[in-house]
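Please open the model in your viewer and follow the stops below in order. Each stop names a selection and then states what is found there.

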Amino acid sequence: MIKDNNLRSLLKQQIKIYKDKAFLYSEKDGRTWSYEDFGKAVNRTANMLVANGISKGDVVSLLLPNSAEYIIAYFACFSIGAIAGPVNSLLKLEEIEWVIGNSESKLLIAGSQFKPVIADIKKPFTIFFDDETKAEFSGNLDEVEIGFGDDAIIIYTSGTTGKPKGCLLTHGNLIANAQQITEWLGFTEADRLLTIMPLFHMNAVSVTTMTALYAGASTVVSPKFSASRFWDIVEKYKITSFGSVATMLSMLLAKGRESGVESQEHESPAISTLRFAMCGSAPVPAEVLKKFEETFDCLVIEGYGLSESTCRSTFNPPNENRRPGSCGQPIGNEMKIFDEADNEVSDGGLGEIVMRGPNIFKEYYKNPQATAKAFTSGWFHTGDIGYRDADGFFYIADRKSDMIIRGGENIYPREIDDVLFTHPAVASAAVIGIPDELYGEEVTAFVVLKAGEKINEKELIEFCGMHLADFKCPKTIHFVDDIPKGPTGKLLKRELVSSCRF
């Protein structure tokens, strides 16, 4: 077992052990970095950050496409004790400015394709980083004292107050979660992991990047998920596992049906190296899981976690002991089910999932009230409702909050409500998630118009699109005379859900 004080020392140790072995492959252009090459690229980029005034504790925002440069930029930040601040590339300018401003970022590292998006951004200073070889700095890096508890990443998670919260993860959090995942799933230096999840999410950072490094394995980064090219990539790079969400599995199934994979005349892709698909963010519908495994002869290993738990807190065993429908067992952190009074619930009883352990985040940035609320009784309260069976497997039953999970993206209705309320024709609004076969959930809004005002569905959706990322925008809008409320004035969103016809 590797015991390192920080991510820089972990990388240095792995370079000593696996010097000439390939660590990083860029599927987009065929480039490859050995462990040693990767370390040098990281040092050159880190020196570029230092030359631009970045030092330990400074936040560096990252707005990049899925690429080798994204991974190199992460480690460049880690290596000088700076804090990497990944920015969701699907956000609009005002959302990006809020995240960058709230984190007090000192520098923005961006891909040139985002120039039109950030053309009007006022601060911070921006460096466009499309090719790491153009960072013409020394491959030797001055020593910096970095501790296990020092901040490594600030990642923004949508919040019930309408604005995202900055979740601070430490070097120790990332190393601990990489160790937990590696040991639970049995990854070794023989593994080759595919990164198709966006690198602005902790799933891609932790599951297929940090875990690969910790295990002495290799990782392949792809610009984006493509159902039509997926199996060719798996075959070309001899992928052993990949991170995914239920939507991706559904799309691969749909593509397989188009290709006649399920017919007698065709066989499913015969990929001898592929061990399993890791899936999280939202439960995989039982039928999708069953069909995927039958069609492609590939196990689906479900897990559960949040940005606040670095990434994964549970996984099913990667063998016949897994339980479809369950999100698995704790992989190295403690988990319990609490009632409203923070008393532990007996097996089979519903309650809130709480957890604690070395992978649990440090705090919400500049938000002590939210931090204190999240850590009531010394346990991190997830806001998710579930239960545990007698064998220690956990199941997600519902969400305590109103969060919508659309294709793996977390969406909080309050943020969309706030935008709808800014339209002069809107008197009140309530956004909910409704079941969707492809995305798991889809966003829909109920809107009450002011007296005498007129606006149609298309116009209001386009208005949302001016202020919100496309994945957050309602796909349908229902115009109603009133929105049901409880005695305290709280919107009764469950009644809205029951009024929808799916």
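**Helix α7 and its end**

Select G216 to begin: this residue, just after α7, adopts a positive phi of about 70°. Helices here are DSSP runs of H or I with at least four residues, strands are E runs of at least two, and both are numbered from the N terminus. Now extend the selection back over helix α7, residues 202-215: 14 of its 14 residues are buried, so the helix is largely enclosed by the rest of the structure. Buried denotes under 20% relative accessible area, with a 1.4 Å probe and protein chains only.

The model is predicted: local features require pLDDT of at least 70, side-chain atom pairs count only at pLDDT 80 or more, and totals for chains, interfaces and linings use all residues. Numbering runs from 1 along each chain as its sequence is written, and side-chain values use heavy atoms, without hydrogens and water.

**E69 in helix α3**

Next, select E69, which belongs to helix α3 (residues 68-79). E69 is buried, at a relative accessible area of 2%. Display R31 as well: the two side chains form a polar contact at 2.9 Å, that is, a pair of N or O atoms within 3.5 Å, one able to donate a hydrogen and the other to accept it. Beyond neighbours within four places in sequence, E69 is in contact (heavy atoms within 4.5 Å) with residues including F129, D130, D131 and E132.

**The whole chain**

Finally, select the protein chain, which has 14 helices and 25 strands.

Conventions. Buried < 20%, exposed > 50% of the residue type's maximum accessible area, 1.4 Å probe, protein only.
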